[in-house]
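Here is a friendly briefing to read alongside the model. Have the sequence and the coordinates open as you go through the points.

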Amino acid sequence: MAEKGSNTTSYRPIVCYAPTMITTNGIWQGDNPLDYALPLFVLQLTLIILTTRFLVFVMKPFRQPRVIPEILGGIILGPSILGQSKKFAEMVFPLRSVMVLETMANVGILYFLFLVGVEMDIVMIKNTGKKALVISSAGMILPFLIGVSFAFVLHTSGQWVKLGTFIIFLGVSLSVTAFPVLARILAELKLLNTDVGKIAMASALINDMAAWILLALAIAIAEDEALSLSSLWVLFSSIGFVLFCFFAVRPMLVWILQRTPEGEAINEFYICLILTLVMLFGFITDAMGTHAVFGAFVFGLIIPNGPIGVMLIEKLEDFVSALLLPIFFAINGLKTDITTIKGVGTWMLLALVIVLASLGKVTGTLLASLYCNIPFHEGLTLGLLMNTKGLLEMIVLNVGKDQKVLDDKSFAILIVVATCMTAIVQPAITNIQKPGRKYVPYKRRTVQQAKPGGELRLLVCIHTPRNVPTIIHLLEATNATKNSPIRAYILHLLEVTGRQSAMLIVHNMRKLATNQSNNKSYHIFKAFENFVQQEEFITLNPLTAISPPTTMHEDICGVAEDKHVTLIVLPFHKQQTVDGGMEVTNPAIRTINVNVLDNAPCSVAILVDRGFNGPARSFSGNNKFHHVAVLFFGGPDDREALAFAWRLSEHQRNNLTILRFTTGENTSHNGLEEDLDEKYINKFCEGTEDNSSVAYMEREVSHGEETVGIIRSMNKNHDLVIVGRGRGVTSPVTAGLSDWCECPELGAIGDLLASPDFTSTYSVLVVQQYQGDEVLGDVATINMPESPNEHHNDEARPSPAPEEKIGHQP
């Protein structure tokens with residue numbers, strides 16, 4: 001249709017809308033479903049979802065974030081590949097269907113940015129201090145300057161838009177970091193809770209906020225072509241909107257949270273009101289001249305922590321992230337026509353932009369990191385992480401295309417740049433942050449090496465609330481004192497369910513309390529907190545690890561390494577039944593335990609729980625006594641078991657019996673280990689000589705059957721038996737026992753004690769000593785202190801039974 005003006009005649013296409021063209025009457029009435037809006041949209045959505053999900057599956061081994069296959073899916077369906085066929089393009093993605101697709105895509109990003117705001121914690125900026133601000137600024141300035149340089153090359157004289165506007169759009173698109181995509185990459189790489197992860201998240205958050213300001217400025221300038229009064233109105237109204245949200249709307253949301261009784265679900269009316277406000281605030285910011293998603297994002301930021309945020313995420317995340325968001329990224333691919341990038345020179349320019357933009361981010365971030373005294377490899381990791389592109393850059397590019405700032409060629413180039421820069425992030429970081437990389441080494445990786453005046457750090461793993469009582473009694477028996485306090489890291493292990501991201505969460509008990517009805521970890525941590533309130537010298541640090549069972553050991557070992565833990569305590573994969581037998585609770589737990597034993601950076605203990613002093617007894621105010629026995633056969637694991645028991649012996653309500661098995665002659669293949677055993681036993685006996693609650697016995701045996709007989713005849717009143725795993729120890733004392741071993745991770749003796757055929761009522765702790773480069777062997781053993789604690793409580797202790805007290809000389 002022609003539009004006639006005074007001097008010229010211009011033509012523009014007009015798409016007519018008919019209400020009857022929404023749904024079809026059916027193929028039996030002679031209708032083509034693809035001529036109608038709803039069937040066509042369903043087909044387009046199905047193709048987009050199937051294509052992107054297939055690419056997600058194909059690219060999973062290459063460690064690519066989901067944004068990459070989603071953009072590639074759009075490129076495949078668009079004019080670059082399948083769209084080359086005019087019949088396919090006109091049939092499946094005709095011009096008249098673009099409005100419906102883009103509307104749904106924008107609704108999707110509206111709610112997705114709202115969820116990003118809900119999950120975002122602004123406090124992390126405060127916690128990381130100036131580092132995040134310096135790193136974020138340095139990571140933006142260099143890429144922005146590179147974007148300015150390339151703006152002069154890419155900007156053509158034929159473009160009606162001014163060079164200044166083009167510079168802002170190009171600079172922002174190259175310097176921005178995608179916060180949501182970065183969060184998921186960090187979660188997959190197990191870096192979310194590390195110092196690098198925290199700084200990266202805070203830097204990306206600052207980067208995103210700066211990008212929003214620049215985007216609002218760019219939109220205002222693009223519409224007016226000059227920094228006029230209207231541009232300033234856009235900026236000031238945006239600032240006013242943010243202030244209104246934080247100081248007027250947020251108190252209302254807090255009031256809603258306070259009106260909800262503790263432990264009850266949020267009223268559906270309030271949830272509906274919040275979801276409506278997302279759209280309303282998007283409309284307001286769009287009317288002001290900024291993008292609609294800015295309003296949704298700010299509204300998400302002001303949602304208070306607690307049940308409201310959890311419920312909103314549960315209701316929206318799967319639908320928005322899995323169904324609507326891929327439409328937006330696919331549309332970017334559909335708009336991208338790679339065939340417009342022609343000529344060797346243009347492709348070389350594209351490669352140059354990718355290399356220089358990536359190097360600009362990495363170099364700027366690395367220099368800022370070194371200035372902040374961050375190690376080189378961590379600074380390099382930060383630089384790569386800040387190269388992550390995603391939703392915000394796509395929004396910038398789309399706005400630029402809609403405002404005619406970017407032509408098809410520039411748009412295609414920048415889409416390819418964003419895709420390539422994001423694609424290299426995760427594989428590159430995987431090679432830098434290898435699982436085998438060690439952080440700052442620490443010496444006290446074993447209980448045997450721990451100094452009496454130092455803090456003992458334990459990492460206690462919990463799968464279910466059933467693990468809690470015995471673990472609490474074990475902590476209570478471990479004898480925390482003023483001179484040797486205990487810091488316990490309680491790690492609740494949860495399997496990933498559905499689309500939940502793998503992550504490691506450090507909890508604050510006050511914040512947990514506000515959301516206890518929706519938090520699986522709360523009641524577990526609350527039980528430990530109640531216990532710690534009665535124990536002056538035990539410090540509690542709650543954490544939750546959400547991972548697949550196959551990689552959960554990485555979280556456990558990572559926390560142990562990061563927190564300089566001395567001993568990891570793991571629950572056994574079997575638990576006692578009512579009739580006294582042992583049943584498997586979760587086979588995956590056994591896989592986790594085996595992996596931890598193989599990869600742990602410190603000593604490890606597996607706890608076979610049959611109740612330790614009974615869960616019904618009180619923690620500290622009782623007059624009951626723990627009866628603990630150690631079965632000593634020799635080797636590093638048994639020495640570590642004895643070192644832990646030595647600490648237990650200092651508790652005023654613990655009785656300790658050491659039962660050493662010997663052959664009466666030197667039959668070991670390792671004479672050094674026998675010497676170390678002898679020296680350590682002597683040290684132990686000298687250190688506990690004045691302790692009337694410690695008994696030491698030796699039994700001479702000649703074969704495994706005799707050993708089993710002695711163990712079966714042991715006093716049944718023991719609450720806990722501690723034994724070494726016995727790696728690498730060959731002796732007639734245990735000969736033949738490993739042939740019937742059902743659980744090799746417990747060792748021959750540990751497996752025997754945990755067997756359902758072994759009629760015992762005591763719990764078993766199987767200990768494996770860390771045997772890394774830091775262990776000093778003979779030197780470490782000889783320098784062992786005389787006693788785990790020099791200050792004893794003089795309160796009276798009961799003496800062990802006469803038949804058990806043999807003496808202290810081996």
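Residues count as buried under 20% relative accessible area, exposed over 50%, and partly exposed in between, using a 1.4 Å probe and protein chains only. Asn479 counts as buried because its relative accessibility is 9%. This is a predicted model, in which local features need pLDDT of at least 70 and side-chain atom pairs count only at pLDDT 80 or more, while totals for chains, interfaces and linings use all residues. Residues are numbered from 1 along each chain as its sequence is written, and side-chain values use heavy atoms, with hydrogens and water left out.

**Overall picture**

- The protein chain has 28 helices and 15 strands; helices (H or I, at least four residues) and strands (E, at least two) are DSSP runs, numbered from the N terminus.
- Of its 810 residues, 54% count as buried.

**Two asparagines with positive phi**

- Asn479 is not a glycine, yet it has a positive phi of about 65°. This residue sits in the loop between α19 (468-477) and β4 (486-495).
- Asn373 also is not a glycine and has a positive phi of about 65°. Its place is the loop between α14 (344-371) and α15 (376-385).
- Is Asn373 buried or exposed? Asn373 counts as exposed, because its relative accessibility is 71%.

**Nonpolar cores**

- A nonpolar core is a set of buried Ala, Val, Leu, Ile, Met, Phe, Trp, Tyr and Cys residues joined through side-chain atoms within 4.5 Å.
- The largest such core has 125 residues, and those with the most contacts inside it are Phe114, Trp212, Phe299, Ile303, Leu385, Leu391 and Ile395.
- Helix α13 (residues 307-335) gives the most to this core, with 14 residues.
- A second, separate core has 49 residues, including Tyr489, Leu597, Val708 and Val764.
- Leaving out residues up to four places away in sequence, Ile303 touches Phe114, Val118, Arg250, Leu253, Ile274, Ile308, Gly309 and Leu312.

**Covered elements and a buried cysteine**

- Helix α12 is mostly covered, with ten of its ten residues buried; among them are Phe294, Phe297 and Phe299.
- Helix α15 is largely enclosed by the rest of the structure, because seven of its ten residues are buried. These are Glu378, Gly379, Thr381, Leu382, Gly383, Leu384 and Leu385.
- Cys245 lies in helix α10 (residues 229-259) and counts as buried, because its relative accessibility is 0%.
- Although Cys245 and Val298 are 53 residues apart along the chain, their C-alpha atoms are separated by 7.5 Å. Not counting residues up to four places away in sequence, Cys245 touches Arg250, Phe281, Val298 and Ile302.

**Helix packing**

- Two packed helices are described by the angle between their axes and the distance between the axes. Axes are lines fitted to C-alpha atoms, for helices over the stretch in contact, and angles run from 0 to 180 degrees between N-to-C directions.
- The axes of helix α4 (residues 98-119) and helix α12 (residues 292-301) come within 6 Å and cross at roughly 30°. That makes α4 roughly parallel to α12, since angles under 35 degrees count as roughly parallel, over 145 as roughly antiparallel, 65 to 115 as roughly perpendicular and the rest as oblique.
- On the α4 side, the residues meeting α12 include Leu113, Phe114 and Val118, and on the α12 side they include Ala296, Phe299 and Leu301. The residues of this contact divide into twelve nonpolar, two polar and no charged; Ala, Val, Leu, Ile, Met, Phe, Trp, Tyr, Cys and Pro count as nonpolar, Asp, Glu, Lys and Arg as charged, and the others, Gly among them, as polar.
- Helices α4 and α11 (residues 268-288) pack at an angle of about 110°, with their axes 10 Å apart, and are therefore roughly perpendicular to each other.
- In this pairing, Leu110, Tyr111 and Phe114 of α4 meet Ile274, Leu275, Val278, Met279 and Gly282 of α11. By class, the contact of α4 with α11 has seven nonpolar, one polar and no charged residues.

Note on methods. Contact means heavy atoms within 4.5 Å.
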